[in-house]
Amino acid sequence: MIDDESDAREMPARGLRKFGARLSTAASAEEGQLALQTGEFSLVICDIGMSGMNGFDFMNHWRTQEKKPLRPSIPAVALTAYASAAACRYPRKEDF
């Protein structure tokens, strides 16, 4: 779970852990990139509106990395507090 806001990252993580999920958290897209390169994950949950590298840039970069040999394709879920129709359509374009 990648989110630069600690409450937005840790509260859902606690809830998911209560249901038995094993997960790692990252406080930035860059930290998430490093975790994906060194660990094995079955799902990525990423905030869209992060400072620095945002969630769209993160997924663009990761999807490019997945095209390299021996990189698994990992499903991703986009999280956002932005509720506009455009914000809801854009993640589909970015392979979330």
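The accessible surface of the chain comes to about 6,200 Å² (Shrake-Rupley method, 1.4 Å probe; for residues, only the protein chains shown count as cover), and 55% of this area belongs to carbon and sulfur atoms. The model is a predicted one, in which local features need pLDDT of at least 70 and side-chain atom pairs count only at pLDDT 80 or more, while totals for chains, interfaces and linings use all residues. Residues are numbered from 1 along each chain as its sequence is written, and side-chain values use heavy atoms, leaving out hydrogens and water.

Of the 96 residues, 30% count as buried, that is, under 20% relative accessible area, with exposed meaning over 50% and partly exposed in between (1.4 Å probe, protein chains only).

Now to helix H2. Here Ala 29, Gly 32, Gln 33 and Leu 36 are buried. These residues sit on the same side of H2, because they cover an arc of only 105° around the axis, taken from the directions from the helix axis to the C-beta atoms. The buried residues pack against E1 and helix H3 (55-66), where contact means heavy atoms within 4.5 Å. Leu 34 and Thr 38, both exposed, are carried on the face turned away from that buried side.

Leu 43 counts as partly exposed because its relative accessibility is 41%.

Key: Helix = DSSP H or I, 4+ residues; strand = E, 2+ residues; numbered from the N terminus.
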